[in-house]
Amino acid sequence: MEENCQQTLFDFLEKDKGAAEERDSGLRLAALEEKCRGCRLCALRDGCTQVVFADGSPRARLMLVGEGPGAEEDRLGRPFVGAAGKLLDRILEAAGLKRGELYIANVVKCRPPGNRLPAAGEVEQCLPYLKEQIRLVDPPLVVCLGALATRTLIGGSESLTRLRGRWYKIEGRSYKPTFHPAALLRDSSKKRPVWEDFKEIARCYKQITGGG
Ligand code: URA
C-alpha cells in the first residue's frame with residue numbers, strides 16, 4: 001500500500017489528458033455542483049445557509065479533502081475560509097503551494113449544526129458527490145485533512161496518528177492522511193508532523209507538475 005511518489009509521477013505522465021478533457025471536466029463538475037445544490041438526501045441542507053461544493057481548479061493535480069463546512073464557510077459558500085482555512089492558507093504558502101492551483105472539497109457539503117461531526121448516514125448520502133469530484137478532477141495526489149476524511153477515503157480502523165506519515169495508493173491515486181488544521185489550533189504539538197507532511201506533499205506535487 002505504501003507508495004513512492006515516483007510511481008505516481010509515471011502514472012500521471014502516462015495519462016496526461018489535454019485541454020479538451022479539462023474543459024469537459026469543468027462542465028461535468030458544474031453539472032455535479034448544480035445537482036448537489038438541489039440535494040435533499042439528508043437533513044443537513046435544512047439547517048444550513050448554502051451548499052459548499054468546492055474551491056479551486058477542476059484539473060488540479062492535488063486535492064485536499066476536509067470534513068464539512070463551518071460557520072464561515074456556510075456564510076461565504078467556500079470551503080476553508082474560517083480560522084482553520086486561514087491556517088491552511090499559511091501552511092500551503094509556507095510549503096510553496098498555490099491554493100488556486102489546488103482543488104479543495106469536504107466530505108459533506110452542508111454545515112452540520114453547531115459544527116458537530118457529520119453522522120455516518122450523512123457521510124454515506126454525501127459520499128457519491130465527493131467520489132465523483134475525485135473522479136472528474138482526477139488528481140494523482142489527495143490529502144485527507146483529519147480523521148473523518150481519512151476514514152472515509154482511506155478506511156482502516158487505526159488512529160490518524162498511526163496512519164499519517166505515509167502515502168496510500170488507492171485506485172491509481174496517492175492519498176496522504178494528515179491532521180486537520182483545526183486540530184492544530186487546539187494542539188500545537190501537531191504542527192511539526194503536519195509541516196513534515198506538507199513538505200512531502202509539496203515535494204511530490206512539484207515533481208508531478210514539473211515545478212522543481
Ligand atoms: N473545516 C473543514 O473540514 N472544512 C471546511 O471547509 C472548513 C473547516
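Trainee: Where should I start with the ligand, and how far does a polar side-chain atom of Asn106 lie from a nitrogen atom of the ligand?

Mentor: Start with that pair of atoms. The polar side-chain atom of Asn106 lies 2.7 Å from the ligand nitrogen. Bear in mind that this is a predicted model. A pair of N or O atoms counts as a polar contact within 3.5 Å.

Trainee: Which polar backbone atom lies 2.9 Å from an oxygen atom of the ligand?

Mentor: One that belongs to Phe80. Gly68 uses its backbone too: an N or O atom there lies 3.1 Å from a nitrogen atom of the ligand. Look at both the backbone and the side chains when you read a site like this one.

Trainee: How much of the ligand does the protein bury?

Mentor: Picture the ligand alone, where it exposes 240 Å². The protein buries 92% of that area.

Trainee: Which residues surround the ligand?

Mentor: Gly66, Glu67, Gly68, Glu73, Pro79, Phe80, Asn106 and His180.

Trainee: Is Phe80 buried or exposed?

Mentor: Buried, because its relative accessibility is 5% and the cut-off for buried is under 20%. Glu171 sits in the loop between strand E5 (168–170) and strand E6 (173–178). However, Glu171 is exposed, with a relative accessible area of 79%.

Trainee: Now the strands. Which strands does E2 run parallel to?

Mentor: E4 and E3. Four bridges join E2 to E4, and the two run parallel. Four bridges also join E2 to E3, again in parallel. Check the partners one by one. Leu62 stands opposite Leu141 in E4. Gly66 has Asn106 in E3 as its bridge partner. Both Gly66 and Asn106 were on our list around the ligand.

Trainee: How should I read the two faces of E2?

Mentor: In a regular strand the side chains alternate between the two faces of the sheet. Now apply that. Leu62, Leu64 and Gly66 lie on one side of E2, with Met63 and Val65 on the other, and all of them are buried. Five of the five residues of E2 are buried, so this strand is largely enclosed by the rest of the structure.

Trainee: Which residues have the most contacts inside the largest nonpolar core?

Mentor: The idea is simple. In soluble globular proteins, nonpolar side chains tend to be buried together. The largest core here has 34 residues. Met63, Val65, Tyr103, Val107, Leu130, Leu153 and Tyr175 have the most contacts inside it. Several elements give two or more residues to this core, including helix H2 (18–37), strand E2 (62–66) and helix H6 (120–137). H6 gives the most, with eight residues. A second, separate core of 26 residues includes Leu64, Leu92, Leu141 and Ala202.

Trainee: What does Val65 touch beyond its sequence neighbours?

Mentor: Leave out residues up to four places away in sequence. Among those Val65 then touches are Ala105, Val107, Leu130, Val142, Cys144 and Leu153.

Trainee: Why do Thr152 and Thr150 count as buried?

Mentor: Thr152 counts as buried because its relative accessibility is 18%. Thr150 counts as buried because its value is 2%. Next, trace their contacts, leaving aside neighbours within four places. Thr152 touches Val107, Val123 and Leu127. Thr150 is in contact with Cys144, Gly155, Leu160, Leu163 and Pro177. The side chain of Thr152 also reaches the backbone oxygen of Leu148, at 2.6 Å.

Trainee: One last residue. What does the side chain of Asp138 make a polar contact with?

Mentor: The side chain of Arg173, at 2.7 Å. Asp138 is in the loop between H6 and E4. Asp138 is buried, with a relative accessible area of 8%. From Asp138 to His180 is 42 residues in sequence and 22 Å in space, C-alpha to C-alpha.

Notes. Residues are numbered from 1 along each chain as its sequence is written. This is a predicted model: local features need pLDDT of at least 70, side-chain atom pairs count only at pLDDT 80 or more; totals for chains, interfaces and linings use all residues. Side-chain values use heavy atoms; hydrogens and water are left out. A nonpolar core is a set of buried Ala, Val, Leu, Ile, Met, Phe, Trp, Tyr and Cys residues joined through side-chain atoms within 4.5 Å. Buried means under 20% relative accessible area, exposed over 50%, partly exposed in between (1.4 Å probe, protein chains only). Contact means heavy atoms within 4.5 Å. A residue is near a molecule or strand if one of its heavy atoms lies within 4 Å of it. A polar contact is a pair of N or O atoms within 3.5 Å; within protein, one must be able to donate a hydrogen and the other to accept it, and residues adjacent in sequence count only if both atoms are side-chain atoms. Accessible areas come from the Shrake-Rupley method with a 1.4 Å probe; for residues, only the protein chains shown count as cover. Two strands pair if DSSP finds at least two bridges between them.
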